[in-house]
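Thanks for coming. I will keep this short and go through the packing of one structure. Please have the model open.

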Amino acid sequence: MRLIVTRPAGDLEPLKAKLEAMGHAVLAAPLLGVAFTGARAPDKPYQAVLVTSANGARAIAHHPERRRLVAPAAIAVGPASAQAAREAGFARVEEAAGGDVGGVIAHVIATRSPSAGPLLYASGDVTAGALEEALAARGFDVDRAILYAARPVESLPDETLAAVRRGAAQGVLLYSPRTAAVWAGLLAAANLRDEARDLRHFCISANTAAAVHGALPHVPVSVASQATEQAMLALLATGG
């Protein structure tokens with residue numbers, strides 16, 4: 001298949017290589033641009049750092065206080081975030097099950113005690129999943145440090161627009177409700193909603209699929225069995 005891949009630049013190249021090894025052609029169309037803020041995190045004896053995106057770990061890798069921030073254990077949302085945490089310098093990395101924020105919440109509740117100290121949430125400027133509220137309700141002290149900002153791009157690449165216009169792409173990969181909404185908005189801005197009618201939308205989660213259906217009710221949608229890249233690749237292997 002010829003696939004439109006919407007991951008940010010830091011995640012796109014490794015995924016592109018995997019897809020090409022599977023025999024797919026890839027059109028790179030990042031929907032979010034990521035910038036690290038360098039914001040200061042409170043200086044506390046954290047028992048763990050919560051990483052719900054690989055960008056959170058990458059922000060720590062570039063942070064002026066990296067050595068202090070990587071001293072606790074990292075609890076990562078999935079394999080990509082866990083690998084990014086290791087590359088950032090965390091010596092102890094735990095991977096939550098499920099591949100989403102709910103999995104991180106469940107992992108913290110199962111493996112940590114509120115009495116053991118506060119938690120640091122390495123966050124972007126836009127979040128989903130109510131992580132802080134859910135853990136606070138269980139007695140945990142959670143500090144959120146906004147270490148990166150993800151901004152929607154203003155338009156799709158010309159090659160992607162041309163492929164949608166000609167029906168030359170067979171699928172698009174979407175990894176969050178936010179990117180699904182950005183994708184739909186950019187199609188509308190380019191007057192290509194109808195041209196996307198036969199483009200299969202491969203979604204990492206039911207929430208992402210719901211965002212697609214809400215904005216583009218006429219397009220075919222397939223949903224991964226789990227919110228992980230491995231499940232997305234398995235979905236593509238079956239053709240959706």
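**Helix packing and cores**

Helix 8 and helix 9 run roughly parallel to each other, because their axes cross at roughly 20° and angles under 35 degrees count as roughly parallel. Keep in mind that this is a predicted model. The two axes come within 8 Å, and helix 8 passes helix 9 in a right-handed crossing. On the helix 8 side, the contact is made by Pro177, Ala180 and Ala184. Helix 9 contributes Asn207, Thr208, Ala211, Val212 and Ala215.

Now the cores. The largest nonpolar core has 28 residues. Ile4, Leu156, Trp183 and Leu187 have the most contacts inside it. Two or more residues each come from helix 7 (158-166), strand 9 (171-174), helix 8 (177-189) and helix 9 (206-215). Helix 8 gives the largest share, six residues.

Take Leu187. Setting aside neighbours within four places in sequence, Leu187 is in contact with Leu156, Val164, Leu192, Arg193, Ala196 and Leu216.

There is also a second, separate core, of 23 residues, with Ile60, Leu69, Ala74 and Tyr148 among them.

Ile60 takes us to helix 2, where it is one of the buried residues.

Definitions and conventions. Residues numbered from 1 in each chain as written. Predicted model: local features only at pLDDT ≥ 70, side-chain atom pairs only at ≥ 80, totals over all residues. Heavy atoms only, no water. Buried < 20%, exposed > 50% of the residue type's maximum accessible area, 1.4 Å probe, protein only. Helix = DSSP H or I, 4+ residues; strand = E, 2+ residues; numbered from the N terminus. Core = buried A, V, L, I, M, F, W, Y, C linked by side-chain atoms within 4.5 Å. Contact = heavy atoms within 4.5 Å. Axes fitted to C-alpha atoms, helices over the stretch in contact; angles between N-to-C directions. Parallel < 35°, antiparallel > 145°, perpendicular 65-115°, else oblique. Left-handed = near helix turned anticlockwise from the far one by under 90°.
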